[in-house]
Amino acid sequence: MVASADPQATSAQHDAAANTDGDAEEIQEQQLRFPPEEEATLVAESNTHKAEANSLFTSGKYDAAINKYDEALTVCPNYLDYELAVLRSNVAACHLKLEEWKEAVENATKALDGLDKLEREEKEKEDRDAKDSGAKAHGGTDEDDDVVEVEIVSAGAAKAGPALAPASETPAEVARKKRQEDIARIRSKALMRRGRAKSELGGWRDLEDAQKDYERLSTMNNLSLADKKIVKAQLKALPPRIEEAKQKEIGEMWGKLKDLGNGLLKPFGLSTDQFNMVKDEKTGGYSLNFSGGGSGGSK
């Protein structure tokens, strides 16, 4: 006689297996991190390449700067999202100088994705810390905060000093606030660079994406006066450019459809010239009306 499986036991085993898998993934992720000493060595090497790349950028040697930034990216541990975002944003700046718009978009987007991931992880950490009210971290230090960030900055931004923290803030709160400000600063740079590149690409979709980036920038309070002027000018210039690109691409699309339609209708003695596309102003959609041709056509 075969014993039947206990549904509750089976469910418990499934949950246990799922938890084990989750724990294994977490352990694996932790194991992928370098030991502190090795991580510090890699970050220092990455920063050396970054400093050389910054000098090359300043000298106008943008291709060489990209190569050096790539070396910095290769060395930098792949879980240091902030440091990687700084590098990616700088690579985007190089591609802008070279008018390589697609490459600029790609690297700026990677920078922004990394910052989004970093913010999610830090928010999750804050939530965990808030729940763990009985234990207050005091023995460790945030190694990422020990790294001196170096990114391409404007002369005005370089002169501005950090905001003074209220006396009531704890060191941890000050560090967290600075981290958030750093993330916001790199995000604004990456958005400015991606918006510029998308605008230069000029396609309907690219222009719409550029408008979204500039609209997001318009809500940020950490822009320089020069950047604010650029954002304002772009938000004024983009709508008519978007409409123009839209009409152009729609015209090109209808042209291709017309050629295809003529090929299909030719055996029947018809052509697309005998049909009219009528736009419904309420819905924005189109309908196809037969306008004449042949013995059954109407004028």
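Analyst: Let's start with a term: a crossing is left-handed if the near helix is turned anticlockwise from the far one by less than a right angle. In this predicted model, α3 crosses α4 in that left-handed way.

User: Thanks! Before we go on with that pair, how many helices and strands does the protein chain have?

Analyst: The protein chain has 10 helices and 2 strands. Following the sequence, the order is α-α-α-α-α-α-α-α-α-α-β-β.

User: Now back to the crossing. At what angle do α3 and α4 pack?

Analyst: Helix α3, residues 62-75, packs with helix α4, residues 81-97, at about 165 degrees, and their axes are 9 Å apart. Angles over 145 degrees count as roughly antiparallel, so α3 is roughly antiparallel to α4.

User: Which residues of α3 and α4 meet?

Analyst: On the α3 side they include Tyr62, Ile66, Tyr69 and Leu73, and on the α4 side they include Leu84, Arg88, Val91 and His95.

User: How do α2 and α3 sit against each other?

Analyst: Helix α2 covers residues 36-58; its axis and that of α3 come within 8 Å and cross at roughly 170 degrees. That angle makes α2 roughly antiparallel to α3. Among the residues making the contact are Leu42, His49, Ala53 and Phe57 of α2, together with Ala64, Lys68, Glu71 and Val75 of α3. Notice that Tyr62, Ala65, Tyr69 and Ala72 of α3 are listed in the contact with α2, and these four also meet α4.

User: How can I check the length of a helix, say α9?

Analyst: Compare the expected span with the distance between the end C-alpha atoms. Helix α9 has 14 residues, 204-217, and at 1.5 Å a residue these should span 20 Å; the end C-alpha atoms are 20 Å apart, so the two agree.

User: And which residues of α9 are buried?

Analyst: They are Leu207, Asp209, Ala210, Gln211, Asp213, Tyr214 and Leu217. Across the whole chain of 299 residues, 28% count as buried. The chain exposes about 19800 Å², with carbon and sulfur atoms supplying 54% of that area.

User: What is serine 188 in contact with, beyond its sequence neighbours?

Analyst: Leaving aside neighbours within four places in sequence, serine 188 contacts Leu217, Met220, Asn222 and Leu223. Leu217 is one of the buried residues of α9.

Notes. Residues numbered from 1 in each chain as written. Predicted model: local features only at pLDDT ≥ 70, side-chain atom pairs only at ≥ 80, totals over all residues. Heavy atoms only, no water. Buried < 20%, exposed > 50% of the residue type's maximum accessible area, 1.4 Å probe, protein only. Areas by Shrake-Rupley, 256 points an atom, 1.4 Å probe, with all protein chains shown as cover. Expected span 1.5 Å × (residues − 1). Axes fitted to C-alpha atoms, helices over the stretch in contact; angles between N-to-C directions. Parallel < 35°, antiparallel > 145°, perpendicular 65-115°, else oblique. Contact = heavy atoms within 4.5 Å.
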